[in-house]
Amino acid sequence: RRVEVAVAGAGPAGLVLANVLRRAGIEVAVWERFSAAHLERRARAGLLEHRIAGYLRAQGLATGLDARGSRHGWCEFACLGRLVRVDYRALTGGAGHWVYPQQELVGDLLAELARAGGPARLESPVLGVGRDGTGRPVLRVAEGGAERTYGCEYLVGCDGAHGIVAECFPPQARRVVRRRYPYDWLTVLAEVSRPVEGVRYALHESGFAGMMPRAGTVGRLYLQVPPEDDPARWPAERVQAELAARLRPAPGDPRVLRLLETGVVRLHARVRGRLRHGRVFLAGDAAHLLTPSGAKGLNLAVADAADLADALIRALRRGDPSALDGYEARRLRETWRMQEFSDRLLGLLHLPREAAEPAEREFGLRLRLAHLRGLAEPGPRAVDFARDYAGAG
Ligand code: RFL
């Protein structure tokens with residue numbers, strides 16, 4: 001059994017890649033370990049950058065986004081009783097976000113792929129990767145209870161942060177650089193009293209809290225907790241009280257009514273040194289992991305897929321591998337740009353661990369408030385931040 005391009009993982013990266021390749025007439029197959037029901041329930045990201053929405057639209061993959069997504073273009077920072085609003089859509093001349101839950105995008109992309117005649121092979125995990133005598137990748141997959149082998153011209157690992165494709169790289173190409181941040185976030189999906197219209201970041205002496213829009217009256221909330229804290233120490237009432245204390249909703253602001261889902265994000269970031277080994281490529285979270293601070297992970301995953309789709313089409317249809325040869329360098333450059341921004345934003349949102357005394361904590365907050373005010377006033381500093389935040393290049 002053979003396909004031209006084999007894709008491991010039906011997340012946003014794998015599904016965008018497969019859809020675009022199929023539209024170009026390339027024979028592509030996607031293997032995914034979970035069922036459609038599981039993928040369409042898995043709530044994660046929800047903010048799509050302007051350029052990513054534009055790309056999906058240009059590829060004919062934005063019908064659901066255009067029908068059910070909403071636009072969003074400002075964020076605000078609560079600090080020392082002040083609220084500083086950054087209208088990044090205005091500052092960038094129109095580069096706002098689209099609010100559209102990741103699981104709905106994944107559902108749309110699965111449906112589009114099926115419509116294009118090549119449905120994803122769900123509940124079919126990739127078990128291992130090898131090479132044939134010509135150096136072409138060979139996959140071992142479990143399909144319908146049987147183990148099968150497929151050969152391909154190119155294999156792309158879009159199998160997320162714990163994927164196995166990257167593990168087939170030789171040890172020297174498996175190097176990863178990483179940072180563990182000295183805090184974690186409780187992450188909560190909650191029913192809120194009214195739709196969240198913009199992102200709110202709260203800088204507070206007890207720690208950071210955040211609220212991001214999702215569909216309708218569902219919000220994504222974040223609460224800084226000490227690293228490796230036990231989630232059992234955070235019952236719903238404590239989470240709600242702490243969110244209210246840090247976010248300080250004014251009358252008319254969305255209030256948390258009910259917690260729907262609670263988890264912990266261990267805040268770390270990492271980047272793989274190599275995104276390519278021979279005919280095997282990595283894209284999305286399989287290649288790099290960002291903290292959720294700047295809402296970049298999903299966008300970077302789709303941007304990787306867009307770049308790689310274009311490069312594979314050139315290689316397979318025009319016999320020109322030059323774009324594939326530059327893939328790793330282009331994506332690493334972009335990844336580090338996003339990592340730098342996410343790291344900068346985290347530094348702004350969290351007080352340093354050394355600031356233990358109240359006076360030091362207040363000093364840290366006052367510095368941050370001064371900085372935030374600079375981001376809200378028209379000028380080069382504000383425009384730079386807005387462009388980074390909106391992914392406007
Ligand atoms: P995914 O979405 O993890 O998809 C990988 C897929 O591969 C499958 N898989 C396998 N399939 C077959 N065989 C195997 N051996 C396999 N191993 C794994 C998995 O089942 C899965 O379906 O990776 P992808 O496509 O690279 O997409 C990345 C994004 O999902 C991720 O970056 C974002 O969700 C990150 N993220 C956010 N990003 C944003 O841009 N904005 C946000 O607001 C935002 N919020 C978040 C987030 C991630 C969160 N998580 C994961 C904790 C909020 C949360 C809570």
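The model is predicted, so to speak of local features takes pLDDT of at least 70 and side-chain atom pairs count only at pLDDT 80 or more, while totals for chains, interfaces and linings use all residues. Residues are numbered from 1 along each chain as its sequence is written.

**View 1. Helix α7, end to end.** Helices here are DSSP runs of H or I with at least four residues, strands are runs of E with at least two, and both are numbered from the N terminus. Helix α7 covers residues 236-247, and its end C-alpha atoms sit 16 Å apart. That agrees with the 16 Å its 12 residues should span, taking 1.5 Å times one less than the number of residues. Next comes R248, with a positive phi near 50°.

View 2. V239, L243, R246 and L247 are buried (20 or more other C-beta atoms within 10 Å of a residue's own; exposed means 12 or fewer, with C-beta atoms placed from the backbone).

**View 3. Around the ligand.** The ligand is surrounded by 36 residues, each with its backbone-placed C-beta atom within 6 Å of it. G9, G11, G160, G284 and G297 are the closest. Helix α8 gives the largest share of this shell, 4 residues.
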